[in-house]
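Good morning, everyone, and thank you for making time for this.

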Amino acid sequence: MINHNASPIHSLADIVTASGRLSQILDHIENINRLQAKLSKYLDAPLNQHVVVADYQQQTLVLHADSAAWTTRLRYRTRELLAVFKTDLPELCTIHIKNRPPAPSRRTARQAARVSAAAASALRAAADGIADPSLRAALLKIAGTATACSTTEDA
């Protein structure tokens with residue numbers, strides 16, 4: 001609900017101060033960043049380059065590792081990490097270590113369909129019997145692409 005009697009907001013700092021929830025989120029992010037810095041400093045390379053602090057809630061610290069191999073190496077050090085973080089998080093009881101979710105895949109260019117020379121020949125023959133010029137051109141284009149792809153494979 002908007003309070004029209006309140007003073008106008010002039011900066012981002014005013015917005016953060018005015019919004020209790022936004023302020024909580026920013027505090028949580030700062031806490032996660034502090035924990036990440038401590039983790040990175042504590043772990044030796046290369047392990048520290050493959051682990052991130054994902055979250056801290058309800059007495060549980062969640063760490064994400066790049067792969068199952070890094071997750072396993074980190075799990076062997078769970079007790080040690082509990083002791084390290086107890087100074088900053090006295091209520092810490094559990095550390096969950098998970099594989100980092102995969103990044104969304106980028107769409108790559110489609111590869112041309114690979115058709116055998118026999119199929120390309122059949123496409124050309126079918127195109128010769130078609131009156132529709134756009135369909136005929138499409139079939140010939142497919143046959144031409146297929147021939148180029150199949151000749152490189154057959155060589």
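This is a predicted model: local features need pLDDT of at least 70, side-chain atom pairs count only at pLDDT 80 or more; totals for chains, interfaces and linings use all residues.

Let me begin with helix α4, residues 78-86, in which T78, L81, L82, V84 and F85 are buried, where buried means under 20% relative accessible area, exposed over 50% and partly exposed in between, with a 1.4 Å probe and protein chains only. Seen down the axis of α4, these buried residues fall within an arc of 165 degrees, taken from the directions from the helix axis to the C-beta atoms, so they line one face of the helix. On the other side of α4, R79 and A83 are exposed.

Residues are numbered from 1 along each chain as its sequence is written, and side-chain values use heavy atoms, leaving out hydrogens and water. Helices (H or I, at least four residues) and strands (E, at least two) are DSSP runs, numbered from the N terminus.

Among what covers the buried residues of α4 is β2, residues 60-65. Six of the six residues of β2 are buried, so this strand is largely enclosed by the rest of the structure: T60, V62 and H64 point one way, and L61, L63 and A65 the other.

As for pairing, which requires at least two DSSP bridges between two strands, six bridges join β1, residues 51-57, to β2 in an antiparallel arrangement, with V53 partnered by L63. Six bridges also join β2 to β3, here running parallel, and A65 has N99 as its bridge partner in β3.

Conventions
Contact means heavy atoms within 4.5 Å.
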